[in-house]
Amino acid sequence: MGLKGRDLVSIKDLTKDEIESIISASRKHIPVAEGKRSSNLLDGKLLALAFFEPSTRTRLSFETAMQRLGGRTITIADPAVSSVSKGETLSDTVRMLSGYADAIVLRHPNEGASRLASQVAEKPVINAGDGAGQHPTQTLLDLATMDEHFDTLSGLKVVLMGDLRYGRTVHSLAYALALFGAHLVLTSPPALRIPEHIRADLHAIGAEIQEEQDLRKAVHDADVLYVTRIQKERFGDLAEYARVSSGYRLDPKILDEVKPSFIVMHPLPRVAEIPSEVDTSTHAAYFRQAFLAVPVRMALLSLILTGHPGPGGGS
Ligand code: NCD
C-alpha cells in the first residue's frame, strides 16, 4: 500500500482496501498506545499540528500517537498568539510549516482549507476537520471501533443521528460506511438534514439510505447509533441553534429494546445529547472510541511518514 507521502483531505482519498489496511495496522499499535510496549518507529520525525479551531481529542491523540512512536510535534493551538492574528494567510502559514515539519495536521473553520493547504504544502497534509466539510481521521477511528466490536465492517446497520448538515464527522463516516455496504439510517431535525452533495456521493456508490425521524424505530434492529453534537459554531443565527437543539437528547429508555451487541458512539465532545447515565451501560462505546484515536493515528502516521504500518507489518 502506498500511503507514504500522501495527503489525507477527504475520506474519498482512500480506497476501501487502504482503509482496511490502516484499521488492521492500528490493532498492532494498541500495546504501544497503552504504554505497555515502546516503539521508536517515528524517531526523528516532526509533525506540525496547526489547529485554528478548538480541539481536545484530535490534537492530543495526534500528539500522543507521535510521542508514543518516538516522534515529536510542533503546535499552533491558539491562533491568537500566532502570526495569523497579524493577518498572515493560511497558505503562507502552511508553506512555512511544510519547511519545518515532515507532515502537517490541519484543523480550520473553512471548508476546503485542507485541500488548499495540500496544494501549497510540500509535505503531506492531514485534514483534522475543515469547517462543515470532512474529518477523515475521525472516520478511521470510528470504523476501527465498529470493527473491534463486531469483528467486521460489512453489512452493519448504522443510525446517524443529530447534526447531519454541519457535522463533518458524519459526512466522512457515511461515505466510508457506504463503501463497506452498511445500511444507513439518517435521523435529524429537518433543518439539519445531510447536504445534497453528500447524498449524491452516497448514491453514486450505491449506498442504502433510509430516513427515520422516530429514533426508537430507527434503532430497533440497528447495530450502531452514532450520535453527534449540534454544531453550534456553524449557525449564523443562535436563536435558530436554540430552536433546533432544544430537547435534543438521547432517551436512555430506547436502550431497553436494542440488540445485545448494539453500541452507542459519539465523536465527542458531547453537550447534553447523551445523558451521563448511559456511560455505564454495556452499549456505551464512546470512550473506547476516543482511546482508539491513538492507535489509529499511530498507524496512519507510520504509513504516511515511513510507508511502514508499524509493528509486525509488511510494507
Ligand atoms: C468532532 C469535530 O471536531 O468535528 N470532534 C472530534 O474531532 N472528536 C465533533 C464535534 O466537534 O462535534
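Author: Buried area here is the accessible area, for a 1.4 Å probe, that two parts lose on being put together, summed over both. In this predicted model, domain 1 and domain 2 bury about 2300 Å² between them, and 62% of that area lies on carbon and sulfur atoms. Domain 1 comprises residues 11–134 together with 293–306, while domain 2 covers 136–289. The centres of the two domains, taken over C-alpha atoms, are 24 Å apart. On the side of domain 1, 30 residues are in contact with domain 2; on the side of domain 2, 27 residues take part.

Four salt bridges are counted between domain 1 and domain 2. Lys 12 and Asp 201 are joined through their side chains in a salt bridge, with 2.9 Å from N to O.

Several elements supply two or more residues to the side of domain 1 that touches domain 2: helices H1 (16–28), H3 (57–68) and H11 (286–306), and strands S3 (103–108) and S4 (125–130). Of these, H1 gives the most, with seven residues. Sorted by class, this side of domain 1 has 13 nonpolar, seven polar and 10 charged residues.

Apart from neighbours within four places in sequence, Glu 148 is in contact with Ile 30, Arg 288 and Leu 292. Leu 292 lies 144 residues from Glu 148 along the chain, yet their C-alpha atoms are separated by 9.7 Å.

The charged pairs elsewhere complete the picture. Side chains of opposite charge can pair when their charged atoms come close. The total for the model is 20 salt bridges. One of them joins Asp 13 and Arg 115, whose closest N and O atoms are 3.5 Å apart. This pair links distant parts of the chain, as Asp 13 lies in the segment before H1 and Arg 115 in helix H5 (residues 113–120), 102 residues apart. Both partners are partly exposed, Asp 13 at 24% relative accessible area and Arg 115 at 36%.

The salt bridge between Arg 95 and Asp 92, at 3.8 Å from N to O, has a local setting. These residues are three apart in helix H4 (residues 90–100), so about one helical turn separates them. Arg 95 is partly exposed at 47% relative accessibility, as is Asp 92 at 39%.

Asp 223 and Lys 259 meet in a salt bridge of 3.0 Å, N to O. Here too distant parts of the chain are linked: Asp 223 is in the loop between helix H9 (215–219) and strand S8 (224–227), and Lys 259 is in the loop between helix H10 (238–245) and strand S9 (263–265), 36 residues apart. Asp 223 is buried, with a relative accessible area of 10%, whereas Lys 259 is partly exposed at 30%. Finally, a network of salt bridges links Arg 193, Glu 196, Arg 199 and Glu 211.

Conventions
Residues numbered from 1 in each chain as written. Predicted model: local features only at pLDDT ≥ 70, side-chain atom pairs only at ≥ 80, totals over all residues. Heavy atoms only, no water. Domains from an automatic or database assignment. Contact = heavy atoms within 4.5 Å. Helix = DSSP H or I, 4+ residues; strand = E, 2+ residues; numbered from the N terminus. Nonpolar A, V, L, I, M, F, W, Y, C, P; charged D, E, K, R; others polar. Buried < 20%, exposed > 50% of the residue type's maximum accessible area, 1.4 Å probe, protein only.
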